[in-house]
Amino acid sequence: MNYCELQLRLSPDYTDILTAELAELGFESFVETDEGLNAYIIESDFDEKAIQELIVKYEGQTAIAYEVSSLEKRNWNAEWEREYEPIEVADQVRVRASFHESDARFRYDIVINPKMSFGTGHHETTAMMLEQQLGLDFAGKSVLDVGSGTGILAILAEKMGAQTVLAFDIEEWAVENARENAELNDCPQITVFQGTIADVDPTTQYDIVLANINRNILLAEIPSYTNLLRNNGYLVVSGFYENDAPDIEQKALEVGLSLANRATTNQWTSLSFYKP
């Protein structure tokens, strides 16, 4: 199956907006870059006329340039393998690919082969989520991983002692990838399904909810996460810029959560909330 990669050069202030617009056009995955945004869609679903109309819609507000290229799934992986280097988080977590040797100096060794989903730990938001997790007690806890991608957060949760981990993603290949990575890391307590927060059983509650996802989804869904969170539980979120943090924090406070921790790296932010 071939994919199209759409490379957009635009102001970072408009990446969230364009992500939402492109999702409406059928784009399935997104990566923010130094220049703007890369978006991915099955080649047969790509409509360049719709892209041009979208750019016209916003050209009065921001300059947008784009390029389109064809991308085969297997070539994506080959490209990733050539460039991928292990990452280290807080001297405790090492995230590597299966073709790297393990390093006994790290308490948590996580193997991630990402395919077409994202979440290798290299993006600031993923690394901050992992570091936030290190400050929590997962022993015997139940965990919900929202928009799980590669499954990296769920995997660390189980390695830190979580009793059950439910993870989900809207993308089919992300679900497939997360399941494979869970097996690769010998994490049998992780269950992954394809769907949204609306598909999570509302009668089940969790000790910890993890959500590394975009600002708009967080603002819409934090009340749902809170309803699924047990008293004395924690909600950890990221996927947004530092200037969006006050809106996220305000939404969490409105539903009764208290700010527990904040981390910022290169203008990206992660927040941890406590449910009293």
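The model is predicted: local features need pLDDT of at least 70, side-chain atom pairs count only at pLDDT 80 or more, and totals for chains, interfaces and linings use all residues. Residues are numbered from 1 along each chain as its sequence is written, and side-chain values use heavy atoms, with hydrogens and water left out. The domain assignment of the chain gives domain 1 (3-73) and domain 2 (120-275); such bounds come from an automatic or database domain assignment. Helices (H or I, at least four residues) and strands (E, at least two) are DSSP runs, numbered from the N terminus.

**The two domains and their interface**

- The centres of domain 1 and domain 2, taken over C-alpha atoms, are separated by 26 Å.
- Eight residues of domain 1 are in contact with seven residues of domain 2, where contact means heavy atoms within 4.5 Å.
- About 740 Å² is buried between domain 1 and domain 2, and carbon and sulfur atoms give 45% of this area. Buried area is the accessible area (1.4 Å probe) that two parts lose on being put together, summed over both.
- On the side of domain 1 that touches domain 2, the elements giving two or more residues are helix H1 (15-24) and strand E2 (29-32).

- Strand E2 and strand E3 (residues 36-42) pair in the antiparallel sense over four bridges; two strands pair if DSSP finds at least two bridges between them.
- A hairpin of three residues joins E2 to E3, and valine 31 has asparagine 38 in E3 as its bridge partner.
- The side chains of arginine 9 and glutamate 67 form a salt bridge (3.4 Å, N to O). A salt bridge is a side-chain nitrogen of Lys or Arg within 4 Å of a carboxyl oxygen of Asp or Glu.
- This pair links distant parts of the chain, with arginine 9 in strand E1 (residues 2-9) and glutamate 67 in strand E4 (residues 65-72), 58 residues apart.
- By the rule for salt bridges, the count comes to nine, while the count between domain 1 and domain 2 is zero.

**The three-stranded sheet**

- Three strands in the order E5-E6-E7 form an open sheet with mixed pairing.
- Strand E5 (87-89) and strand E7 (108-111) are the edge strands, each pairing on one side only.
- From one strand to the next, the twist averages 20°. Axes are lines fitted to C-alpha atoms, for helices over the stretch in contact, and angles run from 0 to 180 degrees between N-to-C directions.
- E5 pairs with strand E6 (residues 93-96) in the antiparallel sense over three bridges, and valine 89 stands opposite valine 93 in E6.

**The seven-stranded sheet**

- Another open sheet has seven strands in the order E10-E9-E8-E11-E12-E14-E13, with mixed pairing.
- Strand E10 (190-194) and strand E13 (258-265) stand at the edges with a single partner strand each, so one side of each has no neighbour in the sheet.
- Strand E12 (residues 229-241) pairs with strand E14 (residues 268-274) in the antiparallel sense over seven bridges; the bridge partner of tyrosine 234 in E14 is tyrosine 274.

- Helix H5 (residues 152-159) lies across E6 and E7, at about 145° to E7. H5 also touches strand E8 (142-146), strand E9 (164-169), E10 and E11, and its direction makes about 180° with that of E9.
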